[in-house]
Amino acid sequence: MVTATGPTPGRQPDPGRHHGWRRALDREELHRYLTTLEGWREFAVRDPAPPDLLPDRILHGLDPDERLDYDDGRIDYHTRLTVAETSTLRTVVHTGRRLTLLNRHAISARRGLILSGPAGTGKTTALTQFGKTIEAIDRRRHPGVDGRIPVVYVTVPPAATSRMLAVEFARFLGLPVTTRANITDVIEAVCGVLIDARVTVVCVDELHNLSLATRNGAEVSDTLKYFSERIPATFVYAGVDLEAGGLFDGTRGRQIAGRFGVIETVPFPRTEEWTGLVTTLEQALRLHHHRSGTLEGLAHYLHDRTGGMIGSLSHLIRGAAIDAILDGTEKITRKSLQSVKLDRAAQNRRARPAS
């Protein structure tokens, strides 16, 4: 039997400690990629506590190297700022868990889930948080059991072929694939490992890279269907505007539509939930001079800037927080937010009336 195991997750650095931050960050960089088993496991178990802010008397006593380490730790923290729990995220996690239970004893025709919507509306975040939830449940149910791989996370490469997709699965598992290995051998190896490892959920991101109108795209779709028939797991797909991209067109598209439910991700309207998201992100900041409530008071401005896109909001606040550390102001203001450039899509939405 072929098994795949990952390393024991490394210990997280103590919050508030400035010594050793760089060395800890270097270790984290080794396993930060979600499309490898080691990287996914690191992500799934990592829930780092925010660093404590040092009192002024200690802060001013740090030598230059210690201050740099301290600031680097806070900068890294803000690059991975807390995931705000949105109504969409809750819906995805709840719907996904229900599907895994319904599929638990299914012999065939297992149902799946598709997340579709504009870029920046939180599809990948919802997908990975759902996978993280399943991983946590499996660890609680099977403490100390090695060899289990409850969740697989892969992305569809641009202009993908069926072999390229199969290799993505093999790469996640760390299975060696030679240039002479044919697709049948790769698929059989992947299916064998995942069946033995009791996989529960298979997450496939960037599905918009698949086009059923092309021969390669159709073959990739067939390969995914074959995986879903061989592997007793719940498949969850995510991609940009998949319905508009023709995912449900033709015979193959109708097969997908008949087996997958769809959750549409959309920009947030200017409601209390939006203000709550802003407040959640503000409370997670670790800046010395930031005044609590500043961002909450700018909720309407932030909605205008981002068009209600959670991805753009996160980028804007994280970018302003990093600037505040680098320039020493240690606070976010409307002026500092204005200096952070956003994606063009958010800029175009800014001219539209808010809903």
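Reader: To start with, what share of the 355 residues in the chain is buried?

Author: Buried residues make up 48% of the 355 residues, where buried means under 20% relative accessible area, exposed over 50% and partly exposed in between, with a 1.4 Å probe and protein chains only. This is a predicted model, in which local features need pLDDT of at least 70 and side-chain atom pairs count only at pLDDT 80 or more, while totals for chains, interfaces and linings use all residues. Residues are numbered from 1 along each chain as its sequence is written, and side-chain values use heavy atoms, with hydrogens and water left out.

Reader: And how many helices and strands does the chain have?

Author: The secondary structure comes to 16 helices and 5 strands; these are DSSP runs numbered from the N terminus, with helices being H or I of at least four residues and strands being E of at least two.

Reader: Could we look at the aromatic rings; how many aromatic pairs are there?

Author: The count comes to 4 aromatic pairs, under a rule by which rings of Phe, Tyr and Trp (its six-membered ring) pair if their centres lie within 6.5 Å, and planes under 30 degrees apart count as stacked, over 60 as edge-to-face and the rest as tilted. In one of them, W40 and F43 have ring centres 5.3 Å apart and planes at 50 degrees, so that pair is tilted.

Reader: Which residue lies over the face of F43?

Author: That is K132, at 5.0 Å from the ring centre; a charge sits over a ring if NZ of Lys or CZ of Arg is within 6 Å of the ring centre and within 35 degrees of the ring normal.

Reader: Changing topic, at what angle do helix 8 and helix 9 pack?

Author: Helix 8 (residues 183–196) and helix 9 pack at about 35 degrees with their axes 10 Å apart, the axes being lines fitted to C-alpha atoms over the stretch in contact, with angles running from 0 to 180 degrees between N-to-C directions. The contact (heavy atoms within 4.5 Å) involves I187, E188, V190, C191 and I195 of helix 8, together with T223, Y226, F227 and R230 of helix 9.

Reader: And which residues of helix 9 and helix 10 meet?

Author: From helix 9 there are A218, S221, D222, K225, S228 and E229, and they meet R252, Q255, I256 and R259 in helix 10. The axes of these two helices come within 11 Å and cross at roughly 35 degrees.

Reader: Last one: how many residues of helix 13 are buried?

Author: In helix 13 (residues 299–306), 6 of the 8 residues are buried, namely A299, Y301, L302, H303, R305 and T306. The helix is followed by G307, whose phi is positive, near 65 degrees.
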